[in-house]
Every structure is written in C-alpha cells, then in structure tokens.
Amino acid sequence: MKANFSAFIQFRFLFSNSQLFHSKTLLSLNPARFLSVASLPYPEALEDPTESLSTPSTDPSDLLRQWGCTADDISKIFQRRPSLRRMEHKNLQSKLKILSDLGIESSDLTKILNCRPRFLNCRINRCLEERLEFFQTLFGTKQVLLKAIVRNPSLLTYDFHKQIKPTVAFYEKLGLSRSDLISMLLARPTLIPRSSLDDEKMDYIRRTGVEKGTRMFKHVITLFAISRSETIRQKVANLEKHGFTEDEVFRLFGRSPFLLTLSVDKVQRNMTFILGTMKLSASLVLDNPCLLFLNLETAIKPRYFVGGKIDDMGLLPRVKGPSLLRAMRMTEKRFIKAFISCHPEDVARELMEYYRSVKCVRRLAESSKKHLCKGFPF
C-alpha cells in the first residue's frame, strides 16, 4: 500500500512540472511572430535567412549591359556567337577589363563586339605588355593606337612574334616610312595577316613605274602585297580584253592603284556600257580611270540618258564631249543644279521625273541579292 502511494506522488510531480514547462514556453513566444510565420507557405517558412542576401549576377548579358551594350546589341552578339552565353563570368570580365584599361570607350567597345563577337573568345592577353609597348613605339601616340585597335581589334590577337613584328620589318625594309606604314595599317586591316611579295608581284610593281618616296608608292606596295597573284592576273586579263595592253594596265595601276580593289564584275559592266553604249574609246578610260569607280546604275546610266533627253529636247547646256566627263564626276546635288534645275520650271520637272525613273531601274535580280553583314573585312 505504501509503495503504490509513493509511485502516485512521483507521477503527480512529473505531470505538474510538465504543465509548468509547457505554459512558460508558450508565454515566452512572440504571438505576432508566431502568427506571421505560421501564415507563410511551408517552403518560405523554412527558408534559410542567408539565402536572402544579394549575390552578384553571373549572367554574361548583365555584364555586357554594364559595359555599355544595349539589349539589341546583346541580342545580336548572342545570335552571332551563342557560345558567349555560356562563357565563364570571370573570364569575360577580365577581357572586358583589358579593353577598358586600354582606354576604349563603351561606344567603341560595343562596336567591336557587334562586328566581332568571336573576338572575346580569343586570347587577348598573350604578350600583352610587350605587344602594347611595341605598338606604342610604332604608332607614336595612344590616341592613334586606340584608333588602330578599334579599326582592327585583331591587332590584339595576331601572333606577335610570327606575324606582327615580321610584317612591320618587311615593309620598313621595302622603304615605307613610319608615317606611311601607320596610314596603311589604319586603311588596310588585312595588311598584317595577308602581306606577301614574291618575284612575280615584285615584277608587277616594277612595271607600274612607281618609284620609292612617291605619293602612290605606299598604296601600290600594300595593295599588291595583300592581293593574290591569281586575282591580279584575272583583273589584268579583264582590262586587256577591253582594248588595253598589259603594259598599259600596269601603268594604269601605278596612277590609280585603287583599281585593284574593284571586282572583275564591276569593271566589266562599266567598261561594257562605256564602250558599247556611250561609244567612248578605251584610251579615254585610260586617261579618266574615275569612270571605273562610278556606280553604273546610280551615276553613269541615268546621267548619260538624261544627257540624251536634253539633246533630244534641244536644250542647253548639253551633256556631251568634255561636259559628259565633267557631269560624271559631279556630286548629285551639283549635277541636278547644272543640268536640270537650270531650265524653266515645267522643263526641269519633266527632266527630274525622267532622271528619277531612270535611277529606279536596277539590274536583273538586284533586289533579291542577300546583303549579309559579316563584321569587319578581315
């Protein structure tokens, strides 16, 4: 009987202590906090508070946006170079920092990335200090160096010891002055990767008759150096079949070396119209090579046809003889003023309508040609 009574007392004591502990625990809780937590959905109620801290974005698009690229620019960059979406944040940031430290502004940086998105996949930190020191000495000022890099960002990716230094030494050995070399590097971005002069090309240069130190020497040397021998032969043969001799063609290249930049198709179309429709001689083209640079559809044809209409209407001044060549070299505004607007209002209106209608005529299937922007021409 005594043992049962003792067990009963111990049980009462434990039960009362449990009730006391439970009541104190409930009183120590903040009711407002308890209700706010209880009212949240289950995942948010158990969220780790450390996860709410802001972390820097690792999205390449955010980083490009910080460096001045618009949403449209970023879309074009990723469309042209989808792998940039997966580029490591630290790697991309380090390359953009190199360009920024060079002094390239965000507008220039955006232009580079728009035209050369694969540029960021290249190693631009190879021999960087040695490369920049060499370029600083070559270009003279930092402003000219930045202009050259924006014009041709591949200056930071070309092999420094196998391409850049040998090419510069190559042109200096040929007799190009430092200022001429700088102007050619700015004008011809393909100068470093494509320069080569063999015996055949050196013979072509000799036949142009251009001497060292003359104004055209730098253009002749660089254009022959970056052109393939096969391409040069094709362009020479194309002019030969229109009545030029081979020696005349090379002398023409010496006086107007930029003819080497024109396509075979363009020269052929212009020469066919000049000789066949305008009935001019090849010797006249030899003395006026500017006729080969003019646009056939927007300049040569419409101005020649307007001259014919002026002649049919018996108006003055006429677009014939020396006036024809002068009219071809004029700007659009000056041509209209000299040969169309000078007439009475009703006549000028008729001539202007005819001139516009002739200019609207395009080559067959010209409108269906695809013009793809592929960035820098190198």
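A helix crossing and a cavity

Tutor: Start with helix H13 (residues 199-208) and helix H16 (residues 246-255), which pack with their axes 7 Å apart and at an angle of about 80 degrees. Helices here are DSSP runs (H or I, at least four residues) numbered from the N terminus, and axes are lines fitted to C-alpha atoms over the stretch in contact, with angles from 0 to 180 degrees between N-to-C directions. Keep in mind that this is a predicted model, where local features need pLDDT of at least 70, side-chain atom pairs count only at pLDDT 80 or more, and totals for chains, interfaces and linings use all residues. Residues are numbered from 1 along each chain as its sequence is written, and side-chain values use heavy atoms, leaving out hydrogens and water.

Now look at who touches whom (heavy atoms within 4.5 Å). H13 brings Tyr204, Arg207 and Thr208. From H16 come Glu246, Asp247, Phe250, Arg251, Phe253 and Gly254. Sort these contact residues by class and you get four charged, three nonpolar and two polar. (Ala, Val, Leu, Ile, Met, Phe, Trp, Tyr, Cys and Pro count as nonpolar, Asp, Glu, Lys and Arg as charged, and the others, Gly among them, as polar.)

The structure holds one cavity of 30 Å³ or more (on a 1 Å grid, points where a 1.4 Å probe fits but cannot get out; lining residues have an atom within 4 Å of a point). About 60 Å³ of space lies in the largest cavity.

H15 supplies the largest share, three residues. By class, the cavity lining splits into seven nonpolar, two polar and one charged.

Now try another crossing. The axes of helix H8 (residues 128-139) and helix H9 (residues 142-151) come within 8 Å and cross at roughly 110 degrees. That makes H8 roughly perpendicular to H9. Phe135, Gln136 and Phe139 of H8 meet Lys142, Val144, Leu145 and Ala148 of H9. This contact has five nonpolar, one polar and one charged residues.

Terms used. Helices (H or I, at least four residues) and strands (E, at least two) are DSSP runs, numbered from the N terminus. Angles under 35 degrees count as roughly parallel, over 145 as roughly antiparallel, 65 to 115 as roughly perpendicular and the rest as oblique. On a 1 Å grid over the protein atoms alone, a cavity is a set of points where a 1.4 Å probe fits but cannot get out, and a pocket is an open set with protein on both sides within 12 Å along at least five of seven lines; lining residues have an atom within 4 Å of a point. Grid points are joined across faces, edges and corners, and a volume is the space filled by probe spheres set on the points.
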